[in-house]
Amino acid sequence: MPTDEDPGKSGSIDVELSGSVSTAVPTETTGPHKSKRHRAATAVGEAVGGAVGVVGGAVGVVGEGVGKLGDATHNVPLVGAGITRLGEGIEAVGESIQASADLRKTRRGRLLIRSVVVGLLLVAAWIVAIVALQVRTNDTKDFRPEAIAILQELSAKKFDQVYDEASSRFQEITRKDRFVDDMTDLRGTVGAFHEIAAVNDTLVTTGPSGTVGRVSLSIAFEKATCKGNISFHYIDDTWKLLGLGVELPPELKISQHEREERIAACKDPMNPKTCDVHAAAVDIFTLLDADGAGTVWDQASPIFQQQIERSRFIEVQGQHHTRLGKFRRVIAVSEAKVIGGTNATFDVLVEYEKSSGVRAVAGFTRTALADGWKLRSWKVVVPVPRAADVGRSGSDAGSAQK
C-alpha cells in the first residue's frame with residue numbers, strides 16, 4: 001500500500017479505484033540519477049523536436065524550389081503546371097511538419113515524420129530529373145539567324161543563290177524559274193527587308209524524312225509588316241531552306257487587273273516588233289531550225305546551263321526537229337509577263353511543219369533593263385503520235401524496205 005510519502009517520489013503513478021490509469025507525470029524531486037536522466041531525456045526530446053522542425057523548414061524550402069521550377073517550366077507540355085502544384089503541396093507539408101509539436105514528442109511520430117520527409121524528397125528528386133529531361137528534349141532551335149540570312153539575300157535579289165543553297169527536297173518540288181519569278185514579285189510588292197519584328201512560334205519535328213524545323217515570324221519590310229513562315233531541313237549538319245511563305249496584309253493586296261498591268265511584258269505580245277520578249281523567242285526558234293542548238297546553249301544564262309548539259313540539249317533539240325519539222329510561226333500567246341523588269345515568261349502556241357498547236361514555254365532573264373534577254377528555261381511539249389500516224393509510218397517503212 002502506498003504511504004502518504006509515496007506520491008512525492010519521482011515517477012509515481014496515481015491509480016483510481018475504477019482501474020483507469022492517468023497520464024504518467026515525472027516529478028522533479030529526489031534521486032540524483034533519476035533527475036539527470038530526466039534532464040537528458042528532456043534535452044534529447046527538445047533536440048529531436050528542433051531537428052524535426054528544421055527538417056520541416058527544409059521541406060518547405062524544397063517545396064518552394066519545386067514551385068519555382070514549375071513556374072520556369074510552365075510552357076513545357078504536361079509538366080509545368082503539375083510541378084507548380086506539387087511544389088505548393090510540398091511547401092504546405094513542410095509548414096505542417098513545423099507546426100506539429102505534439103507529433104514530434106513521440107518516437108512513432110518522429111519515425112512517421114522522417115518517412116514522410118524521405119518520401120517527399122525522393123518524389124521531388126524524381127520530378128526534377130523528369131523536368132530536366134523534358135526541358136532538354138523540348139529545347140527548340142532558334143531559327144532567327146537562318147531566317148535573317150535568307151531574307152537579306154532575297155532583299156538583295158540573290159534569288160539564284162538562295163535556290164542553289166536550299167534543300168534538295170525544296171529543289172525537287174519547286175522549279176528554279178518559278179521561284180525566281182515569285183521572289184521577284186514579292187520583292188517588288190513588299191520592298192526591302194528591314195528586320196524580324198517577332199518570332200511567334202517555333203517547331204522542330206523528326207520523322208522518316210529527317211529533321212524539319214518551322215518558324216512563324218512577323219517580318220518588317222519596307223512597305224509593310226507581314227506574317228511569314230519559313231521551313232528548314234536539317235541536312236549535312238546544316239539547316240537549309242525547305243519552304244517560304246509570306247502573307248500580305250490587306251493594304252498591299254492588289255487586284256488581278258493591277259497585277260496583270262504590273263507584270264505585262266508588252267501591250268501587244270503578238271507583235272515581235274513592239275514586244276522584245278516575243279522577238280527573243282523567235283530568235284531561239286530560228287537558231288534551232290538552223291541546227292544552232294549549241295549556239296543557243298552558249299548564249300543562254302548560267303541558270304540554264306546548270307540545268308542541262310550542252311550535249312544533252314543538242315540531242316533533245318535534234319529529236320524535236322525530227323518529230324516536228326521546221327518552225328513556221330507563233331499562233332497565239334497564252335502568257336507574256338515580265339517581273340521586276342529582269343525576268344520574263346513567254347508561253348505560246350506554235351505551228352511547225354509537221355504539227356500545229358504545239359505549246360512552247362520560254363523563260364528569259366537579264367541583269368539590267370538595258371541588257372538583252374538571255375534564255376533561262378526552255379520547254380517544248382511534243383504531242384504524242386496518233387495511232388494512224390504510227391501505222392502510216394510503219395507502212396512507209398515497209399514500202400521502203402521492198
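This is a predicted model: local features need pLDDT of at least 70, side-chain atom pairs count only at pLDDT 80 or more; totals for chains, interfaces and linings use all residues.
Good morning, colleagues. I begin with an open sheet of four strands, ordered E5-E6-E7-E8 and paired antiparallel. Its edges are formed by strand E5 (327–339) and strand E8 (374–381), each of which pairs on one side only. From one strand to the next, the twist averages 20°. Against this sheet packs helix H13 (residues 310–324), which touches E6, E7 and E8. The direction of helix H13 makes about 40° with that of E8.

Strand E7 (residues 356–365) is joined to E8 by seven bridges, and the two run antiparallel. Within that pairing, Thr365 stands opposite Lys374 in E8.

I turn now to one residue of this sheet, Asn343, which lies in strand E6 (residues 343–352). Is Asn343 buried or exposed? Its relative accessibility is 5%, and because the cut-off for a buried residue is under 20%, Asn343 counts as buried. Which side chains does the side chain of Asn343 meet in polar contacts? One is the side chain of Thr184, at 3.4 Å; another is that of Thr342, at 3.3 Å. Leaving aside residues up to four places away in sequence, Asn343 touches Val180, Asp181, Thr184, Lys337, Val338, Phe364, Thr365, Trp373 and Arg376.

A second pairing deserves attention. Strand E3 (residues 225–235) and strand E4 (residues 238–247) run antiparallel and are joined by nine bridges. Here Phe232 stands opposite Leu241 in E4. The hairpin of E3 and E4 has two residues between the strands, and Asp236 takes a positive phi near 55° there.

Finally, the confidence of the model. The average pLDDT of the protein is 75, and 64% of the residues score at least 70. Among the elements, helix H11 (residues 293–299) has the highest mean pLDDT, 95, while helix H14 (residues 387–401) has the lowest, 44. Over residues 73–80 the pLDDT is below 50, yet in the model this stretch has twelve contacts beyond near neighbours in sequence. Residues 390–402 also stay under 50, and for them the model has one contact beyond four places in sequence.

Thank you for your attention.

Notes: Residues are numbered from 1 along each chain as its sequence is written. Side-chain values use heavy atoms; hydrogens and water are left out. pLDDT is the predictor's confidence in each residue, from 0 to 100. Contact means heavy atoms within 4.5 Å. Buried means under 20% relative accessible area, exposed over 50%, partly exposed in between (1.4 Å probe, protein chains only). A polar contact is a pair of N or O atoms within 3.5 Å; within protein, one must be able to donate a hydrogen and the other to accept it, and residues adjacent in sequence count only if both atoms are side-chain atoms. Two strands pair if DSSP finds at least two bridges between them. Axes are lines fitted to C-alpha atoms, for helices over the stretch in contact, and angles run from 0 to 180 degrees between N-to-C directions.
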